[in-house]
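This report goes through a predicted model one part at a time. Please keep the sequence and the 3D view at hand while reading.

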Amino acid sequence: MITYKKMFHLLVDREMKDVDLRKKANISAPTMTKLRNDKIVQTDTIDKLCKALQCQPGDIMEYLEEEN
């Protein structure tokens, strides 16, 4: 499972709100909800987030093995 918890920790570290990132990355509120709930998002969304946060994909997401 891909999780975006690292991105939300990064926002806290940078004292940035979700709405600020949405505007800067030009993503919608439903997309932000998908990220918060670790749902699938398109790679162009990851691209926008990395550009807005000036980071690499590994800085905002990570793979966690699901427990069965």
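R36 and D18 form a salt bridge, and their closest N and O atoms are 2.6 Å apart. R36 belongs to helix α3 and D18 to helix α2, so the pair ties together parts that are 18 residues apart in sequence. A salt bridge here is a side-chain nitrogen of Lys or Arg within 4 Å of a carboxyl oxygen of Asp or Glu. Helices are DSSP runs (H or I, at least four residues), numbered from the N terminus.

Both partners are partly exposed: R36 has a relative accessible area of 46%, and D18 has one of 24%. The cut-offs are under 20% for buried and over 50% for exposed, with partly exposed in between (1.4 Å probe, protein chains only).

## How the model is read

The model is predicted, and local features need pLDDT of at least 70, side-chain atom pairs count only at pLDDT 80 or more, while totals for chains, interfaces and linings use all residues. Residues are numbered from 1 along each chain as its sequence is written, and side-chain values use heavy atoms, with hydrogens and water left out.

## The second salt bridge

How many salt bridges does the structure hold? There are 2 of them. One joins K5 to D38, with the closest N and O atoms 3.7 Å apart. K5 lies in helix α1 and D38 in the loop between α3 and α4, so this pair ties together parts that are 33 residues apart in sequence.

Are K5 and D38 buried, exposed or partly exposed? K5 is partly exposed, at 46% relative accessibility. D38 is buried, and its relative accessible area is 19%.

## Helix α2 and its neighbours

Two packed helices are described by the angle between their axes and the distance between the axes. For α2 and α3, the angle is about 120° and the axes are 10 Å apart. Axes are lines fitted to C-alpha atoms, for helices over the stretch in contact, and angles run from 0 to 180 degrees between N-to-C directions. The two helices are therefore oblique to each other. Angles under 35 degrees count as roughly parallel, over 145 as roughly antiparallel, 65 to 115 as roughly perpendicular and the rest as oblique. Where they meet, D18, L21 and R22 in α2 touch A29, M32 and R36 in α3; contact means heavy atoms within 4.5 Å.

On the α2 side the contact is made by L21, K24 and A25, and on the α4 side by K48, L49, A52 and L53.

## The two faces of α4

Which residues of α4 are buried? In this helix, residues 43-53, they are T45, I46, L49, C50, A52 and L53. They cover an arc of only 165° around the axis, which puts them on the same side of α4. The arc is that of the directions from the helix axis to the C-beta atoms.

The face turned away from the buried side of α4 carries the exposed residues T43, D47 and K51. The cover over the buried residues of α4 includes α1 (5-13), α2 (18-25), α3 (29-36) and α5 (57-60). After α4 comes Q54, whose phi is positive, near 50°.

M7, F8, L10 and L11 are the buried residues of α1. Down the axis of α1 they fall within an arc of 155°, so they line one face of the helix. They pack against α2, α3, α4 and α5.

On the other side of α1, H9, V12 and D13 are exposed. E15 follows α1, and its phi is positive, near 50°.

T31 sits in helix α3 and counts as buried, at 17% relative accessibility. Leaving out residues up to four places away in sequence, T31 touches V41 and T45.

Q42 is found in the loop between α3 and α4. It is exposed, with a relative accessible area of 57%. The C-alpha atoms of Q42 and M32 are separated by 12 Å, and these residues are 10 apart along the chain.
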